[in-house]
Amino acid sequence: MTTNDWPLWEVFVRSRRGLSHTHAGSLHAPDAELALRNARDLYTRRGEGVSIWVVPSAAITASSPDEKDPFFEPAADKPYRHPTFYEIPEGVKHL
Amino acid sequence: MTASTSETATAAALALGDDALVLSHRLGEWAGHAPVLEEEVALANIALDLLGQARILLSMAGDEDELAYLREERAFRNLQLVEQPNGDFAHTIARQLYFSTYQRLLYTQLAEGTGPFAPLAAKAVKEVEYHQDHAEQWTLRLGDGTDLSHERMRRATEALWRFTGEMFQPVEGVDVDREGMRAAWLESVGDVLRRATLALPEGPASGAWRAGAGRQGLHTESFGRMLAEMQHLHRSHPGATW
């Protein structure tokens, strides 16, 4: 039983109701149930979370660093796409 | 409160506190040695939960540091089950399964009562439910895993079986229905073992020695060594603080 046999899982933690799950880190576990428990012990032991998702790392398709320019560069010089011209009403949080 | 009821309460707090303290130390021994890093953190988490319970319980009986670090072996009142060496991972899991199932039933009853342990029990029962879940998950995977893991898990449940009877001996000052607890414990542990393709061991659930066991201050061979390691720092540097 070594870590090498165990698949890698990505952990997403929702810190409070109303917020979305955020990537917290990754861990090794033999199956999803134990991954969830390991995630609880590793990432929520100081009261950080109210909900956890675990996802097999192999199930994630990531953008490639080589494609960084065609993927992201064109968005950088179009300030009109940013919603910076609206006034945010007082009291609105998490925007 | 009369002197005798307060003495009873002190003895009861010692028994429950020593269980938590000694098991906490045993689990802490896995630090740096666990099969995988994730499991090391899980065991350390459980150890810390138990240490927190031990601190509250021992403080009810006197000075927590004095009680933990300056008592001799014969003055400890913990169950012999919790002092058993970690062995292989299956032994640790079997010990966890037996003890956490008992502790959940015990704390559930204490939390419903009005005795001195009700507040602690109400808080700690949630911790212990997780300990039990952890032990159950691993018992299922080891028992219903490979031939080797099945064999080791079977060996562990059988080796520790003779220490399980002591959990249901009455402790003065701990007002619970022990017979009801034993029945519920057998059902719960039996169910987990069956699902893990194992069976409840058949041997006697306690040793033949009539002098008693851990609750009477009689401990097994490895306990002295554990205690020496646990206490030597405090005894070498009395009163030292961080």
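## Helix H5 of chain B

The expected span of a helix is taken as 1.5 Å times one less than its number of residues. In this predicted model, helix H5 of chain B covers residues 89-112, 24 residues in total, and extends 34 Å from its first C-alpha to its last, close to the expected 34 Å.

Because 20 of its 24 residues are buried, H5(B) is largely enclosed by the rest of the structure.

## Packing of H6(B) against H7(B)

Two packed helices are described by the angle between their axes and the distance between the axes. For H6(B) and H7(B), the angle is about 125 degrees and the axes lie 7 Å apart; the two helices are therefore oblique to each other. H6(B) contributes B:Thr139, B:Leu142 and B:Gly143 to the contact, while H7(B) contributes B:Ser149, B:His150, B:Arg152 and B:Met153. By class, this contact comprises two nonpolar, four polar and one charged residues.

B:Ser149 belongs to helix H7, residues 147-159 of chain B. The C-alpha atoms of B:Ser149 and B:Thr139 are 9.7 Å apart, with the two residues ten positions from each other along the chain.

## The side of chain B that touches chain A

Nine residues of chain B are in contact with 13 residues of chain A. On the chain B side, helix H2 (37-61) and helix H6 (118-143) each supply at least two residues, and H2(B) gives the most, with four. By class, this side of chain B has four nonpolar, three polar and two charged residues.

Conventions: Residues are numbered from 1 along each chain as its sequence is written. Chains are lettered from A and ligands numbered from 1 in the order in which they are written. This is a predicted model: local features need pLDDT of at least 70, side-chain atom pairs count only at pLDDT 80 or more; totals for chains, interfaces and linings use all residues. A residue is buried if 20 or more other C-beta atoms lie within 10 Å of its own, exposed if 12 or fewer, and partly exposed in between; C-beta atoms are placed from the backbone. Two residues are in contact if their C-beta atoms, placed from the backbone, lie within 7 Å. Ala, Val, Leu, Ile, Met, Phe, Trp, Tyr, Cys and Pro count as nonpolar, Asp, Glu, Lys and Arg as charged, and the others, Gly among them, as polar. Axes are lines fitted to C-alpha atoms, for helices over the stretch in contact, and angles run from 0 to 180 degrees between N-to-C directions. Angles under 35 degrees count as roughly parallel, over 145 as roughly antiparallel, 65 to 115 as roughly perpendicular and the rest as oblique.
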